[in-house]
Structure formats: C-alpha cells, structure tokens
2 protein chains.
Amino acid sequence: MAQQQRKRATIREVAKATGLSPAAVSYALRGIQTSEETQQRVREAARELGYEAHPIARALASGRTGMVGLLCGSLEDLWQQALAVGIGRALFARDRYAIILDAAGDPEREVTLARQLRDQRVDGLIVQPVDPAAEVWAELGESLPVVSVGDSLRGGHAYGEVVFDNRAGVTLALEHLHQLGHRRVAVLTPTRASTPDRPADVHVHAEAERIGIQVDVVTSPQDLPGATETALTMLAGPDRPSALFCFSDSIAYGVYAATRALGLAVPGDVSVAGFDNHPMSALLTPPLTSVDWDIDDIVHSAVRVIVGGIDGKPRRRRIVCEPSLLPRESTGKCPQ
Amino acid sequence: MAQQQRKRATIREVAKATGLSPAAVSYALRGIQTSEETQQRVREAARELGYEAHPIARALASGRTGMVGLLCGSLEDLWQQALAVGIGRALFARDRYAIILDAAGDPEREVTLARQLRDQRVDGLIVQPVDPAAEVWAELGESLPVVSVGDSLRGGHAYGEVVFDNRAGVTLALEHLHQLGHRRVAVLTPTRASTPDRPADVHVHAEAERIGIQVDVVTSPQDLPGATETALTMLAGPDRPSALFCFSDSIAYGVYAATRALGLAVPGDVSVAGFDNHPMSALLTPPLTSVDWDIDDIVHSAVRVIVGGIDGKPRRRRIVCEPSLLPRESTGKCPQ
DNA sequence: CAAAGCTACTGAACCGTTTCACTGAACCGT
DNA sequence: ACGGTTCAGTGAAACGGTTCAGTAGCTTTG
C-alpha cells in the first residue's frame, strides 16, 4: 500500500468556500467566462485551501496530459543523451514534462514503446526513429502530433520534422578524407537491427561513388565497450582501411579505445572522423574531427514544432539542419 | 486542437461483448476474483476489440500512475546522465515509466520540481538531492515513498536510500595523492547554490586534516565549458596547487581542457583525480585516475528499493555503496 | 416594448477505470 | 436439513476535474 496520499483540497471544496459551483471555479481558475472579481475571489480561496488541480483528473476530463513523449533511438549514444537532456529542459521551461524512453536501437522495441506512449495519452511525441519506415508512425500520426528528429518518417506521417541534412554531413566527411588521400574508408553506423537501407547508408554509398572512394559499411553498437569491440575486429583484420568514418562520436570513442589497445597511431596509422561533435570530442587525444550540428538549435526547433502541433498554432513544421565540418587532429594524410 | 484521438474501445464495450459487468471485466483482466474460463473469454474479447486499459482513467480510479519521478541534481554531469539512462531502463523493465527532471544544481528549483512531481501523482520518487536538508523531503515523504541516491536526506524522511560512502571515496583519493607526495590539493566540488556544509565537503576537510594535507575547496559547474573556466582560474593563479581532486569526472574533463589551454602537463605539472569513473575517463590522455562506483549496482539497488516501497513489499531499504580507487595515469609524484 | 444578445453562472453529464458492499448459488460438515 | 463459507459476479459510487446545454438578469436594438 505504500503510504497514504495526504488528502488534498478538491475543486468542490473551493466551490463550497466561495459559494460558487465547481464549474464556475474551474472556469475562474483558468480565467475564462467569469468576472474579474470572481476570479480574484476564487484564486484567493484556492490559495487559502492549498488547492492545486489534480493533473490526472484534468487529463481524464480534458484529454490532455501536458506530457510529451521523447522516444530516443538509442540512449547509449552520448549525443542523444545530450539531446534528451536539452529537450527535457526546454519542454519543462514551457510547462510540459518529458517522458524519456529508449528504444535501444531495436525497431520492435521502438514500436512497442511508441504504442505505449500513445496509450499513456501523451500530448505529442518527439522521436528519433530507428526505423523511419515503420507502419506505427502512420498509426500514431492519426491520434497525436509526431515530430521526428534526424530522419524523415517515410510516407509523410509526421506532423513535423527536424531533419538533418545527413547527405551534406556525409559529403563533408568523405570529401575531407578524400582530400587527405584516403581511398578506402570503413564506415561505422549504429546498429539498427533489421532496418536495412537506412537513408544515411544510402547517402554513404551514393556519395562515395560520386567522390570516388571505396566504402565498407559496418554496424556498431553505440556504447563504449560495444563500439570498441567492433572497432577492434575492423582494425585487427588483414585488410585494414586507412580511415574510419563513424556515424556518431560515441562510436568514434570506441575506435579510439581500439587503436590504443592495438598500438595504432591516430592519424598516423588510421584517420578517424566522427559525427555529432559531442563536447567530449574536442578533449580527446588527438581531438576528434567531427561533423558538427548545432544541438541547441535542434532542441529548440523540435520543441517549438511539437508545441505548435499540440497547441494547434502550427508554424513552420519542417526544419532542415545543415552541418559543418570541424576538422581537428584525428584525420591526416593517408599513409604510403 | 492538435488532432483527434481516434476513439478506442472502453471497458464497457468489452463488458457488453462478453455479457459481463464492467467490474467483472476489470477483475478478469487483472486475473482476480473470476474463474479461469471467464478470464479467457474476456481476454479474447479484449484482444478482438483492440481494448487497452486507459492508463489515465486507471490512475484516477486507483490512485497509482505507474510513473516514478527521477529528480537529478544536475544532469549536465555525464555520470548522472548515465545513471538516469540506467534507471529509466531498469524501471521500464519493470513496467514503469520514469519522468526525468533536472534540478540543474539549484535547490529552489529542486523544491519546485519535487512538488510538481507529487502533484503529478508519481508513485514514487528517486532523488539525487541537491539539498539533503530541504524541508520539502519531509513534506513529500508523507505522501509517497522517496528514495535518495548519493547523500542521505537529513531527518530520516526518506523511505529508503542508496548512499555512497563518500567519506571512503574521499579517503581513497586523498590518501592516494598524499602517498604521491602532494601536500596542497585543490578540491573542485559541484556548484550547489546556497547549500553550504555539504556532507561531502565536511568529509573532505576532516579527512584532509587526518591525513595531513592542505585542501582548498572550490565549487564548479558540471558542464564542460563551465568546469573549464573554473579550472582555468584555479590553474592560472599565482599559487597553483600540485594536484586537483574533482568531485565528478565531468569536472575533471574541464580540468583537462584547462591544462591543455595552459600548456600544463598531466601529471607532470599537476595531478588530476576524478570521482565516478565515467566510461570516457579511461579514454582520455592520460587516462583519468578516478574513484569508481558500481553504477549497475546503484541503478538496480535504487530501483529495487523504490519498487519495494511502491508495492509495499519492503526489503532492505538502506544500501551503502563502497567505492574503489582506479589509479590511472593522471596522478603522479608531486613535482620538486 | 418585444425580440435578441450578452455576461456570468449553474446543474448535470461525462471521461474510463477501480473498488466497495452485496447477492445468489454451490458447497461444506454435522 | 441447516447455518456458515467460498466463489463468481453485480450495481453503483467513487476518483476530481471539464464541458455542454441552459438560464436569469441585464443591456442593446429596431
């Protein structure tokens, strides 16, 4: 039974205290349909009784919870952690709560969690899709505003989106490596079970062909031990590429760990480029070359769009973020 | 107006379909007070109608929401981020949701958020207190189980606690530095506005005196830019200490950035020790000496205690975590 | 001056569950 | 055959708000 919720004042008690009907109190507290004077009186009585509206009752009656679901693709990634923290704070500043959930890179889990959030009656959903083509988005889109961050949802089911121009990011990184003389590059992309043909991967192949670079795409977990292991098998193999391009800085951190274990020099033996530019990346030795996105901008865009969707004041619904390359010291001329 | 929630089946429709009363359906779906056969029939009908219980209505009627509040002291800290992610996952595995909030190191904000969580009727609260002596904990403790992580709440208001033996951690770090010959150590502790006499600080002074080391305690923000700035002023000053002991690895990262900017060698010019042992710490150059806590253990302990409190199956309510020192290469003999 | 329109408010239904107090039937031992 | 338990299920009252359809009283309008 846990403990007992201390009994709190209800709207009916405030009604009794002011001699009004509960309905009038409800209106007055929201500042509508009542005279200024009544509102004053009600507010005072409420304060005296320590009355606070019961959010659950309100949610049941009005159909809105004030909560926004935040479904992250895989929270192992430090950058996604930073994004989640930022979005949580920004929503809070607008009087809403975030329910942060973590699909752990698994599309099935993503579907389950998405449905669960809908059943929890969140007012809106921000999602970093693991599988942008999943049917669940169509289903959810019918009942609440969905904003995707990162990739577009296939089929236009999103209410809005903050998409990253991943192609531009890929271009920046690959051209940078190409200019340094690299012709064979391993690309480490986050594990996303059973979701082939991710847009990002498609871009990699297209851009590689255009630029004239040979790529070898491998998936990797985003946590440090997992990424380290993946990188170890890549780098210890017989036919080591001269450069690694990681689709998130978290994966690049694993590469660093692997190079260290193998005694490889960065960028002497292999060049490493990341994606996201997490604050830690500047601090590594050598500092990590990375594709940079403005995280504050992304956070505020996502929040603005979802809040617009919830309040029915749609502003711009589609925002495209452009990356820039931050060349640091982890990339260098191709050896030999 | 957002969009319209598609109408979903209610318990009454299931009742109608099975010829039972809503009450019976409610019981049957929870597997109580009904015959095995009825339960079967109800489950089937529910599945056919696509019925899912409305969590908000359930929360209103039963008084429990299935949500656990997680109030973090300051989410800028990477280790607290990791903890939040872990607790979120562990709760989810037990069919509960976490509402993650961030006090940003501000005790007033902490109080506001704590109250707001109570008003949201979370079933329980896990808190990493900014101010363990705040009165709000007594207030909250009356209406829901509160589990503190890190420091004990003053006055025994917590339902349970997972406390770190900070004193032991401090001892490990300071003795380590003392053995290396350091006699003047700067201690960087997270900014916690207007909360003097933190237990941890008290330990620092007590242990320093016992060991025979001179300490200089300074507060610092936990984010990288903030910590860097603090460290810069410390290290650029006229009377530079020979070692810095940071009360979180995130702060130590700022120290690294500062030493780099100033051209100081670690540990040649200054030794640096951290606290938490975030996974990234092993990856820095030089790898950071840190006081290590078993984060998985902390996560699972906290979740076990809070769930025990909610379900009224109290097991062990107080868990003390012991640290160990991971000496790496950021600490070395005191110069001269 | 009657019809129409506001404004400020009321009463009751409603949101979709859970839970409490009860009931009829079956079963029990004696 | 009888009082006493269990069992399976019922009806109605919560839970604490919001909202819809009225309505009384006042002002405006033609």
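This is a predicted model: local features need pLDDT of at least 70, side-chain atom pairs count only at pLDDT 80 or more; totals for chains, interfaces and linings use all residues.
1. Some ground rules. Local features here need pLDDT of at least 70, side-chain atom pairs count only at pLDDT 80 or more, and totals for chains, interfaces and linings use all residues. Residues are numbered from 1 along each chain as its sequence is written, while chains are lettered from A and ligands numbered from 1 in the order in which they are written.

2. Start with DNA strand C. Around it are 25 residues, counted as near when the C-beta atom, placed from the backbone, lies within 6 Å. A:Ala24, B:Ile11, B:Ala23, B:Ser26 and B:Ala61 come nearest. Two or more residues each come from α2 (22–29) and α4 (55–62) of chain A and from α1 (11–18), α2 (22–29) and α4 (55–62) of chain B; helices are DSSP runs of H or I with at least four residues, strands runs of E with at least two, numbered from the N terminus. The largest share, five residues, is that of α4(B).

3. Now DNA strand D, which 24 residues surround. The closest are A:Ile11, A:Ala23, A:Ser26, A:Ala61 and B:Ala24. Here α2 and α4 of chain A and α2 and α4 of chain B give two or more residues, and α4(A) gives the most, five.

4. Chain B also holds an open six-stranded sheet with mixed pairing, ordered β7-β6-β8-β9-β10-β12; strands pair if DSSP finds at least two bridges between them. Because β7 (214–220) and β12 (324–326) of chain B each have a single partner strand, one side of each is left without a neighbour in the sheet.
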